[in-house]
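Student: Hey, I've just opened this one and I'm a bit lost. Can you walk me through it?

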Amino acid sequence: MLTQKEVQHIAKLARLGLTEKEIGKFQRELSSILDYVERLKKVDVAKVESTSHSLTVENVMRKDQSFKFDKKLLDGRLKVKKILQ
Amino acid sequence: MRELTNLTISQAHQGLKKKQFSALELCRAYLNNIKKKDKEIHAFLTISEKLALSQAKKVDSLLVSGRPMPVLAGIPCAVKDDILVEAVKCTAGSKILENYIAPYDATVIQKLKEQRVVILGKTNQDEFGMGSSTENSAFGPTKNPHDLTRTPGGSSGGSAAAVAADECVFSLAEDTGGSIRQPASFCGAVGLKPTYGAVSRYGLIAFASSLDQIGPITKTVEDAKIVYEAICGKDPKDSTSVESKFPISNFQFPIKNLRIGIPKEYFIKGIDPSVEKIIKSAIKKYEDRGAKIVEVSLPHAEFALAAYYIINPSEASANLARYDGIKYGFSASGKDLMEVYLRSRGQGFGAEVRRRIMLGTYALSAGYYEAYYLRAQKVRTLIKNDFDRVFQKVDCLFTPTSPFPAFKLGEKTSDPLSMYLSDIYTVSVNLAGLPALSLPCGKVSNLPVGLQIIGQAFNEHKILSIAETFEKL
């Protein structure tokens, strides 16, 4: 079972604001899912390579482009919140 | 002549060519049907009436000029709301994107527009594709046209319900763990999840990038084939896309040579006995026509769902980091940047999305990465190897698409794990990157049941041909 403190820690890493009630709810729900996932420990994976994609992928680069956005345009630029304190 | 809203793609195409009706008439018939039915069904989030009418008018002027028409020209379709259509709202079923207007067309939309389809609107879905009932949409659930007290499945419930309710000829959807096939099965439609890489995902709102694939939901197998051919192919804008070397058109698989694998792990406890009966009788029909039925084993099948529910939330948590209250849509105020993040994401995402972000963040966090994420990826290799092994002996696999027919609205919302279990037959296919199709093969009282046909990578032509055979049996 995850502790309340662990749930709060994960929520902070994920930048998700949770209420007290939600912390308890997520604690129960995440723990039950993690209990289900425990079965993966029964599989012997000692000599197995991992698969991230079902086919081999290569990186492709493209030029950066800008698009017309929504209404919040100021002189052709996008207005956003202050991100530097 | 049949009603305009009851046609397949080729029937509608013939009707347009023979001038039995105009593209505008066809488009209006569907828009009227949507207005009549969608208050109850709620398959659509946005109706793009102006766009649809202008596209239809253009097709009519081309028809007058007598130039050859692509088969999809003038065909009214619906698009899942996680696929971008330029200048049309695109929410992916999430409050965090409630005012997001797509700045460009997804490659699949560009391809359909080149064929001059008519886009009627955007369809409802579980938020970012996370769910199996469309009840996780921030904008309210979709209802199953076969029984309004039941879910249409998910996450592409809107796309499947729109086809089943004759609110469009076909729809586009996206499948990460069953999101095309399971709703197609619940709504009695054909749903094709193509091979990973067969269809470009440029302009698809990313959910779990090693699993997501775009595909069609249609009334017939022939229609699925037509739409798949129109949207498949390598795209320089999607590094995972690949050109298939197999042509689709006119490929026919002789049933006498067909070897059908039945994975024994898929017919154990948990399956609804009436669903099992219908699937077995579908298998019997193929056997009676000379197909060879082979029992096969996928020994790691029992671990697929667990591996999926680590890999999927891990990738989702990374993909959804971009919704920070700064760059897109919904933004809550706060005293500093951290509070803006916490509040925008806390209030902008629904419960299931937050659950998966939490789960993924945990599985990827320091100290747990190897125990969860890396282990799940190794199990994924074993699952893929199981499929590779059985495909040396058989041409395709037959399984149920879902262990049960459409369930009641609200039945599984309080227990996330029971909702996850409805994906038990579909997730392995995404983990292994294979193509699979759900084909309507019978009903339990009035509720449709889907047969899942799984093929080898890039063998869409085979599974489509095998499915088409069933419609003729």
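This is a predicted model: local features need pLDDT of at least 70, side-chain atom pairs count only at pLDDT 80 or more; totals for chains, interfaces and linings use all residues.

Student: Which way do the residues of β5(B) point, and are they buried or exposed?
Tutor: Val190(B) and Leu192(B) point one way, while Gly191(B) and Lys193(B) point the other way. All of them are buried.

Student: OK, zooming out. What's the order of strands in the sheet?
Tutor: In chain B it goes β1-β3-β2-β4-β6-β5-β10-β11-β9-β7-β8. That's an open sheet of 11 strands with mixed pairing. The edge strands are β1(B), residues 44-47, and β8(B), residues 292-296, and each of them pairs on one side only.

Student: How much are neighbouring strands turned against each other?
Tutor: By 30° on average, direction ignored.

Student: What joins β7(B) to β8(B) at that end?
Tutor: Five bridges, and the two strands run parallel. One of the pairs is Arg259(B) with Lys292(B) in β8(B).

Student: Which helix lies across β9(B), β10(B) and β11(B)?
Tutor: Helix α15(B), residues 460-472. Its direction is about 20° from that of β10(B).

Student: Switching topic: where is Phe267(B)?
Tutor: In the loop between β7 and α8 of chain B.

Student: Is Phe267(B) buried, exposed or partly exposed, and why?
Tutor: Phe267(B) is partly exposed, because 16 other C-beta atoms lie within 10 Å; buried would take 20 or more, and exposed 12 or fewer.

Student: How far is Phe267(B) from Lys280(B)?
Tutor: They're 13 residues apart in sequence and 9.9 Å apart in space, C-alpha to C-alpha.

Student: Now the helices. How do α9(B) and α11(B) pack?
Tutor: α9(B), residues 304-319, and α11(B), residues 351-364, pack at an angle of about 100°, with their axes 7 Å apart. So α9(B) is roughly perpendicular to α11(B).

Student: Which residues meet there?
Tutor: From α9(B), they include Ile310(B), Pro313(B) and Ala316(B), and from α11(B), Ile357(B), Leu359(B) and Leu364(B) are among them. By class, the contact has seven nonpolar, four polar and one charged residues.

Student: What about the largest nonpolar core?
Tutor: The largest one has 162 residues, and Cys77(B), Ala307(B) and Ile453(B) have the most contacts inside it. Helix α9(B) gives the most to this core, with nine residues.

Student: What is Ala307(B) in contact with?
Tutor: Leaving aside its neighbours within four places in sequence, Ala307(B) is in contact with Leu40(A), Ala376(B), Val379(B), Arg380(B), Ile383(B) and Leu431(B).

Conventions: Residues are numbered from 1 along each chain as its sequence is written. Chains are lettered from A and ligands numbered from 1 in the order in which they are written. Axes are lines fitted to C-alpha atoms, for helices over the stretch in contact, and angles run from 0 to 180 degrees between N-to-C directions. Helices (H or I, at least four residues) and strands (E, at least two) are DSSP runs, numbered from the N terminus. Angles under 35 degrees count as roughly parallel, over 145 as roughly antiparallel, 65 to 115 as roughly perpendicular and the rest as oblique. Two residues are in contact if their C-beta atoms, placed from the backbone, lie within 7 Å. Ala, Val, Leu, Ile, Met, Phe, Trp, Tyr, Cys and Pro count as nonpolar, Asp, Glu, Lys and Arg as charged, and the others, Gly among them, as polar. Two strands pair if DSSP finds at least two bridges between them. A nonpolar core is a set of buried Ala, Val, Leu, Ile, Met, Phe, Trp, Tyr and Cys residues joined through C-beta atoms within 7 Å.
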